[in-house]
Amino acid sequence: MTALRCTDIRKAYGGVDVLQGVGFAVSAGEIFGLCGANGAGKTTLMDIIGGQQTHDTGVIELDGRTLVGDVASRAHAGLARTFQRPQVAADLTLRENIALGLAGARLGSVGQLVRGFVAGMLARTTVAIELVETAATDLSLDRLDRRAGDVTFGELRLVELARALLQRPRLIMLDEPFSGVGDNGIEAIVEALRRLRARGCAILLIDHNVDLLTALADRMALLAQGEIVVTGTVAACLADEVFRRIYVGAV
Amino acid sequence: MELSLLVSCIETGAFYGLVGLGYFLFLRATGVVNFAMGAYVMFAGVAYASFSENPTTSLGLAIICAVSAAVLFAWITEDGILRPMALRVHDEFGAVMAIVALMFVIEQLASLAFGARPLLGRELIEGTAVIGGLAIDFQDLLAVAVTMAIFAVVAIWLKHGRYGRMLRAVGDNEHAARSLGLPVRRVRLVAVLVTGLICGVAGLLAAPQAALSFQSHLSFAILGFIALVLGGVGTPWAPLVGGMLVSAIESASARYIGGFARDYVLLALALTVFSLRPEGLFTIRVRA
Amino acid sequence: MSAARERATTLALSVGFLLYIESSAYLQDLGTLVIVYALLALGMYLPLALCGSLSLAYNAYAAIGAYVVAIFSRSAPDLLMLAVPVAILISMVTAALLGFVTRRLSGFHLAVATMMFGIAVHTWLLNTDAVTGGATGIGDIQTPVVFGWTPDRSSLIGLGVMLVWLIATAIAGLRGSLVGIAMRAQRESELAAAASGVPTAALRILALAAGSAIATLAGMVLALVNHFVLPDSFTIKLVFLVLFMPVLGGLATPWGAVLGALVVVAFTFGFDFFQGPGGLTFGLLTLGVLLVAPAGLLGGLAALGLRLRRGFAAARVPKGAR
């Protein structure tokens, strides 16, 4: 079953065509790797799907429904993501930053917001500590009382991923999730991705490290100068002439 | 009668525009909407009025003292408050609070130094010109002429001056400007000091028009801000247009609704602009 | 400190405060001022410390509370209790509207819009004699009858103190809840909060509305204890004064705002401290705290306590080692 389908996405700014008609689909329970050199438009594409940027033309569908609206409403439609530069609240603890994913999932409508507010004032909501702890432990994170501003870049990536997992997404988009992460962390991420896939979540993985992508992904695509030049199973891609030329040229 | 109303409306508009220009430059340089700026203007105006009250004081000395006070406050804002805070706080609200506190400090300083009584400044030049049967004080002509000159100089400076051009780069993207090796700190400081200078002059021009007190800064800050928001940040001339519009709306509401309606009309105006066209009438297209 | 211990400690301190001010009418006057300021400061604290939204219309919200009570007392004394929900509703709708209009703009826009609203409300109070009594305000405000009981002055003040405790405790609870986490997170990283599904603009508007409701209560306490309202109690100066309190006390907990209110009243004895150098001193103090010790008084105390405890621990270790 197709989870994410992008059709003919175009985006230009300042007279430069950043994306010129990108189309691809990611199935539920599939890891889809998107590779390409820096500046190929990978992050722009992810921002457009996530709602952080607007696009000029094209359609994005999630589970068959057109994805529109602001960032938060897309998150409620089942989208979660991490950022190339981890985005966390530096003054909050790791635990609170991870719990943000839970907060987002449970505070969609105005009604939920008001109920959550009143419950909070009455000190009736014990933040579901167990869920947060489990998500953190699964990703080899510990000492969750530390300030997010005081931990390493790699740990912040794990915090972001834990936060995204708590949203229980239908599609998760990861922007270079391995860079700066230690060996334990990488193993934990790979493990988490396999569990997600088994659960039927679609995973869009962006990286310029093709070795990692080919090891993990089920299918992949190569983005160059705003266009998808090669797409298919990993084996097919690796056999493709264009892919090999650009891949070899890029590394 | 109608014509003299028009003259005073233009003059008030020029004053609001000048404060708006101060906002514009400060915002470009630091990314901060500095509503302590009304307090710079007020302090310079009240200082000038207080010094010039004594007929033996030389006007030149009063002018220098008043303008340098405004420049000094601008400098303190940048080097004493905003820059040290930016090193530590990553969100905007620290700056908002510091600006509000600073505004209050300058207000209280003015009331301590010059008293709470409203003061009227001596005219910078005396005499009256008769133009088309209408008597216009030289002071009014001077105020409008100085305002126009300041706008022209700032516009040329931003387009051709060394720091002016760098300021545009800094305002667009401070990180990029820094990595390009531009002297961001110096550019910011120059723009901030120019802002102080403009506010000082605005205070000088306002002081002989109406008696100022230490509380006048709130309306200066608000009206200058609306002038900026109405005009937008697209060109340095935009605050002037915004100032003229604010002044016209203000005097029309005073004439047709009543003097006290000013506060309501301005509130309605600000809310309308915020909700319909927060980017102002003249904007440069910035990529999303 | 654990939440339960914090609740018990602050409750004990509140009761102690109440017993202390019971001793004289003068202290009761000062105590009322502390209650009013503390409620205003808590109202400002909620959107400011949790969401990073600085609203400057707190004089207006307090005025709405005070004047709605006064007007009900004058026109419909039997329905005086109804003034409470009516005033709160008016304030919340206004605050939400001001927040909504500036929802996509910078915090500076919110500050200016709310400041203008505060000024406009003061102008309106002064100039609409038929409704507000103009410059002389409204007098002879009656005490409401609560289920057949007419509270006297002491009871009203006692209720006020309990109100402060309840609200500060509630805000402390909110801080750690999911909504509180979402609020604080969006203040620092709107990108992260929105991507997690937090409706950031709605959250800020909610905080602003809740803050305005708390400030409205402050106005009601003022009107009910004093039995009169004057427009000049609600100038923009009140906002500057109130802004100092949470900053001075410390933004890490709502009790900082209460402590700030207490400190301001203790140092000014309720006199108009804007006379003379008092205002300047407070302004400089606020700037100084913001620049040098952003944790405020309570934050400083907590840091001191931590250092002392560490000091004791360090002093104990060598003994054991020997």
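In this predicted model, chain A holds an open sheet of four strands, arranged β2-β1-β4-β5 and paired in the antiparallel sense. At its edges sit β2 (16–27) and β5 (65–66) of chain A, each of which pairs on one side only. The link between strand β4 (residues 57–62) of chain A and β5(A) is antiparallel and takes two bridges. Within that pairing, Glu61(A) has Thr66(A) in β5(A) as its bridge partner. Helix α1(A) packs on this sheet, where it touches β1 (2–13), β2 and β4 of chain A, and its direction makes about 115° with that of β1(A).

Chain A also has an open sheet of six strands, and here the order is β6-β7-β8-β3-β9-β10 with mixed pairing. The edges are taken by β6 (79–81) and β10 (227–233) of chain A; each has a single partner strand, so one side of each is left without a neighbour in the sheet. From one strand to the next, the twist averages 15°. Strands of a sheet pair through backbone hydrogen bonds, either parallel or antiparallel. Five bridges, in the parallel sense, connect strand β7 (residues 171–175) of chain A with strand β8 (residues 202–206) of chain A.

Strand β3(A) deserves a look of its own. It is mostly covered, with five of its five residues buried. In a regular strand the side chains alternate between the two faces of the sheet. In β3(A), Ile31(A), Gly33(A) and Cys35(A) point one way while Phe32(A) and Leu34(A) point the other way, and all are buried. On one hand, β3(A) runs parallel to β8(A) and is joined to that strand by four bridges; Phe32(A) has Leu204(A) as its bridge partner in β8(A). On the other, β3(A) runs parallel to β9(A), again with four bridges, and Gly33(A) is partnered there by Met220(A).

Next comes the meeting of chains A and C. Here 28 residues of chain C are in contact with 36 residues of chain A. On the chain C side, the elements that give two or more residues are α7 (153–176), α8 (178–188), α9 (190–195) and α10 (200–226) of chain C. The largest share, eight residues, comes from α8(C). Sorted by class, the chain C residues of this contact divide into 18 nonpolar, eight polar and two charged.

Inside chain C, two helices pack together. Helix α3 (residues 58–75) of chain C meets helix α5 (residues 107–127) of chain C at an angle of about 35°, and their axes are 8 Å apart. On the α3(C) side, the contact is made by Asn59(C), Ala60(C), Ala63(C) and Tyr67(C), and on the α5(C) side by Phe117(C), Gly118(C), Val121(C), His122(C) and Leu125(C). By class, the contact of α3(C) with α5(C) counts six nonpolar residues, three polar ones and no charged ones.

The largest nonpolar core has 299 residues, and those with the most contacts inside it are Phe43(B), Ala44(B), Leu39(C), Ala41(C), Leu42(C) and Ala182(C). Helix α10(C) gives the most to this core, with 19 residues. Neighbours within four places in sequence aside, Ala41(C) is in contact with Val242(C), Met245(C), Pro246(C), Ala257(C), Val258(C), Gly260(C) and Ala261(C). Elsewhere in chain C, Leu285(C) lies in helix α13 (residues 278–292). Leu285(C) counts as partly exposed because 17 C-beta neighbours lie inside 10 Å. The C-alpha atoms of Leu285(C) and Leu248(C) are separated by 7.9 Å, although the two are 37 residues apart along the chain.

Where pLDDT is low, the predicted coordinates should not be read in detail.

Conventions:
Residues numbered from 1 in each chain as written. Chains lettered and ligands numbered in written order. Predicted model: local features only at pLDDT ≥ 70, side-chain atom pairs only at ≥ 80, totals over all residues. Axes fitted to C-alpha atoms, helices over the stretch in contact; angles between N-to-C directions. Contact = placed C-beta atoms within 7 Å. Nonpolar A, V, L, I, M, F, W, Y, C, P; charged D, E, K, R; others polar. Pairing = 2+ DSSP bridges. Core = buried A, V, L, I, M, F, W, Y, C linked by C-beta atoms within 7 Å. Buried ≥ 20, exposed ≤ 12 C-beta atoms within 10 Å, placed from the backbone.
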